[in-house]
Structure formats: C-alpha cells, structure tokens
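Opening the notebook on a new model today. I want the fold inventory, then the sheet.

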Amino acid sequence: MIRYKKYQVTGENSPLKGLWYARPVIEETFDIEKLAKHMSNHNTPYSSGVIKGVLTDMVSCTKELILDGKNVKMDDLAIFSVGIVSKKGAQSAADFSLANNVKGLKLRARATGELSNAQINLEGQMKESSMYTVEGKPSGNKPDGSGEGNDGGIEDDPLG
C-alpha cells in the first residue's frame, strides 16, 4: 500500500502555486543489511549474512560497470546506467567542451519487465496517510503550509 499526503505548492514564482498534489510517504528505508534479513525470512536456505555478502558484491560490481559506461539490467526491477547532466548547448561541435557544456554525471534507473510504470499503476494501491482540512492548513505539514514534511525538504516536480 502506497501512503500519500496532500501538499500545496506555495512558491511565489511557481506557475503551480496554490495547486494541490500527492506526495508518497516513505515510512522506512531498507539498507543492504535490513534487505538481507528480510530476504532470509522468505523460506530461503541462505542466511542473512550470505545474502548481505552477495548484495554487497552486486552493488560494488554494478557501480564498477556503470562507471565503465555499461548498463546493468536487473530483470523485473530496473536498468541502471549513467546519464550526463548538461549546463547548456554549444553552437557547434567545435565550440563544445566538457568544462563549458557538461555539469556532471547522474545515476539513471529505468523500470523494466514486471516492474514497469504501467504495471505499478495497475497493481499499486494508494491510501491517504493522514486527514487534511481543505480550508485550513494541512495537518502534519510545516506551519507555513509548504507541505514539506519528513522528506527533508526535497522538492519534487509534482507532475513527475
């Protein structure tokens, strides 16, 4: 079940100011150790220590391959790859330089197989995390009504 909270965009210069959107509530984050313990409880003959070792090696190898310009596909999960973040476009190929036109690199993950966006939309269920009043300030949000809660102030694009 995906829990969500409603929040209102309050940025002065935002064209979305005053509009309400849903934001997922993340109640817990699983690190490798916690994931290994969870996996070991699913009728597997492997201990959480063995699973943790395999997962740790998988992460290390995935990083190595991505930094070597390769994609890593984990079936029914995601294809991990590197992306380039641009500063601005160059007028010509001769004018292009990494220093002037590239801001940096980023990790990309694209859903694949059984975990496609379409499948998530078919199978995912949503439930409001807490009640809100429409006329007043939303409960559980900052006093300024910005809607920033337990997400550490990270602003997401409400449209995706």
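My entries on the fold, the surface and the sheet follow.

Ground rules: I am working on a predicted model, where local features need pLDDT of at least 70, side-chain atom pairs count only at pLDDT 80 or more, and totals for chains, interfaces and linings use all residues. Numbering starts from 1 along each chain as its sequence is written, and side-chain values use heavy atoms, with hydrogens and water left out.

Fold. I looked up the elements and got 4 helices and 6 strands, taken as DSSP runs numbered from the N terminus (helices H or I, at least four residues; strands E, at least two). Along the sequence I read β-β-α-α-β-β-α-β-α-β.

Of 160 residues, 18% are buried, meaning under 20% relative accessible area with a 1.4 Å probe, protein chains only.

Which strands form the open sheet, and in what order? I found 3 strands, ordered 2-1-6, with mixed pairing; strands pair if DSSP finds at least two bridges between them. Strand 2 (20-24) and strand 6 (126-128) are at the edges with a single partner strand each, so one side of each has no neighbour in the sheet. Neighbouring strands here are turned by 45° on average, direction ignored, using axes that are lines fitted to C-alpha atoms.

Key
Buried < 20%, exposed > 50% of the residue type's maximum accessible area, 1.4 Å probe, protein only. Axes fitted to C-alpha atoms, helices over the stretch in contact; angles between N-to-C directions.
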